[in-house]
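Open the structure in a viewer and colour it by chain. The stops below go through the contacts between chains, one selection at a time.

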Amino acid sequence: MADVKSLLAQFEEISKNPQKLVKEYVEAGEKVIACFPIYTPQPLVTAAGMVPMGIWGGQCNPQLAGKYSPIFTCSLLRSCLEFGMTGVYKDVSAVVMPIICDTFRGMNSAWRAGVPDIRSITFIYPQNRKDPGARDFLIEELKAVREALEDISGNTVTNEKLQTAIRLYNRKNAAMRAFCRTANDHLDLVKPADRHHVMKAVTFLKPERAVEMVSELTAALNAEPVHRFAGKKVVLTGITCEPDDILGYFDQCGVAVVGDDLAQESRQYRTDYPSANSGMESLALHWFGVKGCSSAHDDNNTARGDMLAAMAKEAGADCVVLCMMRFCEIEEYDQPSVITQLEKAGLMSFSIDIDQSTSDSGQALTKIQAYAEN
Amino acid sequence: MFAAGIDIGSTASKAVILDGDGQVKAKATVPIGTGTAGPERVFGQVMELAGIARDDVAWITATGYGRFSFEGINDQKSELSCHAKGISHLLPGTRTIIDIGGQDIKVMRIGDKGQLLNFVMNDKCAAGTGRFLDTMAKVLDVEVSALSGLSFQADEPAEISSTCTVFAESEVISKLAAKIRLENIAAGIHKSVARRVASLVQRVGIQPDVAMSGGVALNSGLVRSLEEEVRCHIRVHEDCQLAGALGAALFALHSMRNCESYTG
Amino acid sequence: MGETPEVKKAKRPLPKSRVMLNALVDSIYQAAWDAEAKGEPVGWSTSIFPQELCATFDIPVLYPENNAAGVAARHDSPRFIATSEGELGYSNDICSYARLSIGMAHQMACDPNYEPPAVQRMPRPTFLLCATNSCFELLKWYECLSRELDIPIFMQDCLFNYGDAKPAKHWVAYGRSQIEHNIKRMEEFFGKKFDWDKFLEIQKISVENARLFDECVMMNDRNPSPLNGFDLFNYMAPMVVARGRRETTEVLLQLKREIQEHIDNGTTTFGSAPQKFRVDWEGIACWPNLGYNLKSMKKYGVNCVTNGYVGAWSLHYTPGSLDEMAEQYMLSSTNVVNTATMMGKRADVANHFQCDGMFCHINRSCKFMTYHMTCGREIVEEKCGIPVVFFDGDQADPTIFNEAQFETRLQSLVDVMETNKEAKQ
């Protein structure tokens, strides 16, 4: 069995070089479908015999994207548009775009104007999740996604193929959750950046490969003695917590990340596809099971803050760090209520800026250090 | 032996030396910050003032934006912890600290021993920072230190509504063109900064006593504007600009003593 | 919408239609206060929610977006925005209408010394109506109001039409399901039966008003335009707050008569300055700066003869058809359709109105509308061959707008329009 260190290095390599992976897939004759955050029906892509890969922008100062995308809009989607316009995504067969916020309404237009050569499969999640008509609507909406994927792949997505894919994705979710639990017993080996690389790499890997690699890592960790971590522990929330520098600051200040609600990380793996009459229904019901997410309306209006407080307490953290994606308004609307709920639960919290367009994160270090020192 | 604290900010460098009993032996300020000769100069100055050599300093703690770039330090602390420590030493009883730095506004809630309980900082925007004041002073063609005196002569403060530095600059230029008195513009600039800072103060919640830290606190015109906005008296110590360096020196003293108790 | 100080300062008395409009709006606020006094339900609603429902139940509803515009136009927004950004900790990146209204709701609920705006005071609501057609932020905003005031939301999720075709069958079915389900929930919440006959009546009036409003908007295609384009911002008010009322029909009929009079007499509310340039204004008004904008534009002889925003309440359906009604609420807002659809339509309108240019408000609060402009600019340039010029501003937050930038941009637009005119001659 490979040792923990070399396994973690593999994840880091994948997490940092998704383009290399795309090239490998494409050279092997496979088609890649790029999936925008947060929730895309990836089992459909797998069932159509193609490879779904997450796209998360990246550190860049957009030059071309500004033509279509106002400077005061989501930093992550601006980099995605920049990458689309500069050919970074040229090898993918299509992108899947869920309209989950106003910036996606804009991206839908901006992508068509700026990246006309990469087909966009757009769909929309119903926000009135308690309405009796929402489920049927979503099934029909997902059928259109299925049709587009069938068109691109030339394969038919049967119910059987879809159900098999769904089971695989639920296994992946379970493997990710198991890894997160185990990692907390080995915080000496799994540093904040390592944890992030595992979570992010999995968004690029084929699901079966992800299950295999993550399970191997978890097993390797379980073989190590449990480490009693004496430092401070935090839970992260937000869209992403990147780049590595920021996660390095946590480590540098002796702070461990023991849980997360990041859209790029655990939010992906928190909710399973429930069993249902058909694969399509199961995909739709997944959306109705999403809880505590800024992109899914919930009648329980303190759900997210309460969930984060419970997560932190369970993981032994005394603080939740809000990683605020620059100009992500859906997260900004949640911010005050989340802070209030955490305060009520006796937990500390602070916010750091996540901005893909700048490498200056000195203020984040100051804040993390101030938290660690007191 | 002596303990030293050095605060390397974005626009100024400050240093404080404490003797073994925690008494301030010397303090110095140089008006240039990180990335310049400022840190070396201020440290040289403060040792000269104290009449000591570098070898006499047993522990150096650095803080401020340039805290990682100074050679020969023993450790470094965040400026939040240092301002909290420094102010609570200078002005015991303080519970809320406002620090307007060159590129950051910090509002801190502290406990009775100077420990940091909660804090907020501005987002990445120069509105309301020391940098904003510098830019506006340049437009008015006065020294930034002159803004305070000017603002006290105002009879009808001008309204500067833009928070964006670039826009505010053009607003100030148009006020100048409209022959609005410099004094009223200076007061308007202070009001604009005060509003921005007050908004952050509300987030942490005001708990008296409130004190201001950092060099901008020497601008009493701004302090007055800020008092009006937060509706509360704000204490300012004459050494407010040195609060960060003092806090760092106090941390250094603590480490020095710990170290001595190990070795001695 | 809000009366601007400039309108108040007008030398001539208000036209009769405006007097009627103001009386109508006042009566709607009064009805809300009367209900509050009796302990009956009062709603706050997004501006393009199916108002037909509460109108049928005869439950008063007020509109925070409309109210925020008025408060901002009277320069009273900063104190509410300050509460949101300060005490409550909201980022200044979120919509300024939201910051204003959340701040106001908080003051209403928590401040015993709450000082309401001078006019159009809103009572505290007991329920919320939220349609997602204008934007997704509305939903996040109403979640905050729901938390702040501890009251329920009735939602009409009006899906964003990302494609080029009309809403598909399953979209309409979801829309219809929501209307039906909301009626049921409202029957329980209000403790009243829904009167389907009255509903039909209100639908008829609403459709008639939408038709009349569109007619008034279109009458401005004459040269010179009978209306100063900003007038239309004012006449949106009845369409927002009283689309299903007979009184609104009266206001619009009166307005139509007045416009016709102007056309017949060759007069215009733009004033005596010549209308040298006809411009399409895109985006919501900069309410805190409306007076300055108007003054500057008059100085250069620029009249905004049309804008896309006022068409947002143009809801046309066959009374009695829930499907058509549901579909219309997924089509009417500028922000519920994609850029190709929206800006394609705007280009056609700009051509019809013989516009010389397009002046776009890059509104910090309205991200998607800004995308329409950045992504749609090429469509307009291609279809109309007119210059498209942007300026920065905000609908309610006075800290974003800059007079110097506005005038410079306006002047450069005028320069290009002048050059184009010369070239044509």
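**Two interfaces of chain C**

Start with chain B and chain C; in this predicted model, six residue pairs are in polar contact across their interface, both residues at pLDDT 80 or more. On the side of chain B that touches chain C, select helix H5 (165-177) and helix H6 (182-204), the elements that each give two or more residues. H6(B) contributes the most, with four residues. By class, this side of chain B holds one nonpolar, six polar and four charged residues. No salt bridges are found between chain B and chain C.

Now show every residue in this contact: eleven from chain B and 15 from chain C. The two chains bury about 930 Å² between them, with 41% of it on carbon and sulfur atoms.

Next, move to chain A and chain C. Here 48 residues of chain A touch 49 residues of chain C. About 4,300 Å² is buried, and carbon and sulfur atoms give 59% of that area. Select Phe72(A), Arg105(A) and Tyr333(A): they supply 21% of the area chain A buries against chain C, more than any other three residues.

Five salt bridges cross this interface. To see one, display Lys67(A) and Glu378(C), whose side chains meet at 2.7 Å, N to O. Polar contacts join 31 residue pairs between chain A and chain C, both residues at pLDDT 80 or more.

Last, select helix H5 (102-114), strand S4 (119-124), helix H6 (134-153) and helix H14 (329-344) of chain A, each supplying at least two residues of the side that touches chain C. H5(A) gives the most, nine residues.

Technical notes. Residues numbered from 1 in each chain as written. Chains lettered and ligands numbered in written order. Predicted model: local features only at pLDDT ≥ 70, side-chain atom pairs only at ≥ 80, totals over all residues. Heavy atoms only, no water. Contact = heavy atoms within 4.5 Å. Buried area = accessible area lost by both parts, 1.4 Å probe. Salt bridge = Lys/Arg side-chain N within 4 Å of Asp/Glu carboxyl O. Polar contact = N/O pair within 3.5 Å; in protein donor to acceptor, adjacent residues only side chain to side chain. Nonpolar A, V, L, I, M, F, W, Y, C, P; charged D, E, K, R; others polar.
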